[in-house]
Every structure is written in C-alpha cells, then in structure tokens.
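Here are my notes on the model you sent over. Have it open while you read, and go through the points in order.

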Amino acid sequence: MELETQQDAPEAARSPADDVSAGTEGVRATREGQAFRKRCALTGLRVTQQRVAVFESLAACKDHPDAEQLHARVARAHPSLSMNTVYRTLGTLVDRGLVLRVACVGSTARFDACTEAHDHFYCIVCNRVLDLNLATAPAGVIPDAVREVGDVKQVQTLYVGVCHHCRK
Ligand SMILES: [Zn+2]
Ligand SMILES: [Zn+2]
C-alpha cells in the first residue's frame, strides 16, 4: 500500500465548491457505495465524498455513460461537482481498477462500475453500450501473438453492430 499521495489536485488548491457537501449526504450509503468504500480501503485509496458520489451515480445506471453524461447525473444530487472533478475522479478510479473503461467505442470513453470480466455490444446507430452475459468467457487463453507484444492486464471483447432496437 502506498502512502497517501495527492493524486488529484492538491487539497489546498481545490476549490471548496468542488467538494461535495458532507451534510446529510455524507451518511447516505447505498449497497454499492459501501462495497466501494471497502474496495477503496483494499487498494489504499482515500474515500472522499466526490469519489463515492461519482461511483454511486455510475453504479446506478447500466448504460455505460461517458464522463459528460455521468457529470449531468452526479450534478443532480451534487450541483457543486465540476466536470473536471468527474473526469479526474473517473481517471483515478480506472487507474485503481475500481471502474472499467470500456474498450474503445466511438470517440468518447465510456465507463462501467462493473469491473467483473464481461463483454459489450456497441450499437453504431444509437451509441448504446450493452452488457453481454456470456456464460463462458473465452477461457483466458492469451494468444502467443498477444504475449509477444506485451503483458495483458485485462481482456475485453467488444462486438460492434446495430442493435435490434435500431434495426426496426
Ligand atoms: Zn441501437
Ligand atoms: Zn458493462
């Protein structure tokens, strides 16, 4: 476990408006939020109101929003949370493996609170990213050609096409 480092903006330089009020919101704890706090502790990441707020908003939806969409949702409950903070927080959470960045779809990064191995279907018409519950993941066999290029940290399969909703 590493020592506490200022991953985000230094505390002093952060605008107070950036911090989510710790008022009554502070005691709110969804099941996802509680699990998230535990996982933060395991990875040595300090639990902050804004990290919890961003994670809970992401966990509350299954549509793999981009940072802007997520910010719009977080801002409903926490109007003081800036777009920059959401970006920065997502970056931190992805780095710590607490949030998944969906393998390249379109031009904007999409995020997922579910970090268990699962695949996605991306619709090129409506831009939706859908979870695929494939019973058997492809056995974790990394082809030699991949290993020659580098160490694999994660395998994500992305199926790209037109969803049934858009085909009608
Ligand atoms: Zn579609
Ligand atoms: Zn997903």
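1. Let's begin with contacts. Taking contacts in the chain between residues at least 6 apart in sequence, 60% join residues at least 24 apart. Two residues are in contact here if their C-beta atoms, placed from the backbone, lie within 7 Å.

2. A word on the ground rules. This is a predicted model, where local features need pLDDT of at least 70 and side-chain atom pairs count only at pLDDT 80 or more, while totals for chains, interfaces and linings use all residues. Residues are numbered from 1 along each chain as its sequence is written, and chains are lettered from A and ligands numbered from 1 in the order in which they are written.

3. How confident is the predictor? The mean pLDDT (the predictor's confidence in each residue, from 0 to 100) is 81 for the chain, and 79% of its residues reach 70 or more. Watch residues 1-27, though: pLDDT is below 50 there, and the stretch has 23 contacts in the model beyond near neighbours in sequence.

4. Now the overall layout. You'll find six helices and five strands in the chain, in the pattern α-α-α-α-β-β-β-β-α-β-α along the sequence. Helices (H or I, at least four residues) and strands (E, at least two) are DSSP runs, numbered from the N terminus. Of the 168 residues, 21% are buried, which asks for 20 or more other C-beta atoms within 10 Å of a residue's own, with C-beta atoms placed from the backbone.

5. Next, a helix pair. H2 (residues 49-59) and H3 (residues 67-77) pack at an angle of about 115 degrees, with axes 9 Å apart. The axes are lines fitted to C-alpha atoms, for helices over the stretch in contact, and angles run from 0 to 180 degrees between N-to-C directions. Ala53, Val54, Ser57 and Leu58 of H2 make the contact with Leu70, Arg73, Val74 and Ala77 of H3.

6. Which strands sit at the edges of the sheet? The sheet is open, with three strands in the order E4-E3-E5 and mixed pairing. Its edge strands are E4 and E5 (158-161), each pairing on one side only. Strands pair if DSSP finds at least two bridges between them.

7. Finally, the hairpin. E3 (residues 119-123) and E4 (residues 129-132) pair in the antiparallel sense over four bridges. Tyrosine 122 has valine 129 as its bridge partner in E4, and phenylalanine 121 stands opposite leucine 130. Five residues lie between the strands, and asparagine 127 takes a positive phi near 65 degrees in this hairpin.

Definitions and conventions. Buried ≥ 20, exposed ≤ 12 C-beta atoms within 10 Å, placed from the backbone.
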